[in-house]
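Q: Please look at the following structure, and let us go through its surface, its rings and its sheets in turn.

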Amino acid sequence: MIVAREIRLTLSILIIVAIVSKVYLGWLPALLLLCVISFVAYLFRDPACNVPSAPLAIVSPVSGTILKVESTTDSWLNRPAVKVRIGMSYLDVHTLRSPIEGKVRNQWAQTDSEKGIKNRYTYWIQTDEGDDIVYSIGTVNFSPFLGIKLRCGERTGQGQKSGYLYFSGIVDVYIPETSRVLINPDEKIDAGSSILALIIHKSGAQLTSTQVPVA
């Protein structure tokens with residue numbers, strides 16, 4: 001189990017404080033601090049990611065639970081799309097990963113009017129084949145801290161670490177409407193390793209109702 005780089009300085013300080021407490025205050029305060037350190041290390045864990053060997057796979061950008069899968073309009077690119085909504089709890093792994101390999105074509109940041117979401121950070125990734133994936137991160141009211149490594153014009157890899165969301169959030173992934181969706185609502189998924197959908201390039205391919213559950 002690896003601790004996220006974003007929290008290592010805080011853990012180092014807590015460890016030093018625990019050692020000083022042991023020297024000057026005794027075992028009890030030091031043990032209490034060790035319990036806090038263990039909880040923080042677990043909460044901000046960053047386990048290894050096994051990216052699937054499937055170039056046309058759209059992997060989950062976060063760990064959490066599938067809340068909704070629906071056909072909709074992607075307002076960012078003004079196109080029909082399938083939206084996969086993922087909910088992150090406070091105990092899920094908070095690492096953010098790129099859903100697919102490609103180039104970051106654009107990015108947006110805005111205050112969101114949707115209930116329960118404070119701010120939204122959205123990224124448009126385009127594959128070398130011209131497929132468009134929009135990856136939108138919503139921070140909830142009590143989780144305002146977000147670190148993103150994606151920059152417009154840069155390339156990113158499938159499952160590559162793209163940032164860190166402290167605590168919980170709501171993430172929407174907009175994928176091409178002809179994609180073959182492989183997940184269902186209430187399913188638990190892992191960032192970078194769980195496949196949300198496969199991109200289908202066959203002309204005229206259509207999704208069936210079993211491939212895209214209607215919310």
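Q: Which residues form a nonpolar patch on the surface, and what accessible area do they have together?
A: Patches are made of residues with over 30% relative accessible area and no salt bridge, in which like charges are joined within 9 Å and nonpolar side chains (Val, Leu, Ile, Met, Phe, Trp, Tyr) within 5 Å; a salt bridge is a side-chain nitrogen of Lys or Arg within 4 Å of a carboxyl oxygen of Asp or Glu. Accessible areas come from the Shrake-Rupley method with a 1.4 Å probe, and for residues only the protein chains shown count as cover. The nonpolar patch consists of I15, I16, I19, V20, V23, Y24 and L25, and their accessible area together is about 760 Å².

Q: On what kind of model do these values rest?
A: Residues are numbered from 1 along each chain as its sequence is written, and side-chain values use heavy atoms, with hydrogens and water left out. Local features need pLDDT of at least 70, side-chain atom pairs count only at pLDDT 80 or more, and totals for chains, interfaces and linings use all residues, for this is a predicted model.

Q: In which helix is I15, and is this residue buried, partly exposed or exposed?
A: Helices (H or I, at least four residues) and strands (E, at least two) are DSSP runs, numbered from the N terminus, and I15 has its place in helix α1, residues 8–25. Buried means under 20% relative accessible area, exposed over 50%, and partly exposed in between, with a 1.4 Å probe and protein chains only. Because its relative accessibility is 40%, I15 counts as partly exposed.

Q: How many aromatic pairs does a search of the whole structure find?
A: Rings of Phe, Tyr and Trp (its six-membered ring) pair if their centres lie within 6.5 Å; planes under 30 degrees apart count as stacked, over 60 as edge-to-face and the rest as tilted. With this criterion, the number of aromatic pairs in the whole structure is three.

Q: Which parts of the chain does the aromatic pair of F44 and Y164 tie together?
A: The rings of F44 and Y164 form a tilted pair, 6.4 Å centre to centre with 35° between the planes. Both F44 and Y164 are buried. Because the two residues are 120 apart in sequence, the pair ties together the loop between α2 (27–43) and β1 (57–59), which holds F44, and, on the side of Y164, strand β10.

Q: Why is the pair of W76 and W108 tilted?
A: The ring centres of W76 and W108 are 5.3 Å apart and their planes stand at 35°, so the pair is tilted. W76 lies in the loop between β2 (64–74) and β3 (79–88) and W108 in strand β5 (residues 102–111), so that this pair links distant parts of the chain, 32 residues apart. The angle that makes the pair tilted is 35°.

Q: Which residue of β10 is the bridge partner of L96?
A: Two strands pair if DSSP finds at least two bridges between them, and strand β4 (residues 95–97) pairs with β10 in the antiparallel sense over three bridges. Strand β10 (residues 161–165) is mostly covered, with five of its five residues buried. The bridge partner of L96 in β10 is G163.

Q: Which are the edge strands of the open sheet of eight strands?
A: The order of the eight strands is β9-β5-β6-β7-β11-β3-β2-β13, and the pairing is antiparallel. Each edge strand pairs on one side only, and these strands are β9 (155–156) and β13 (188–189).
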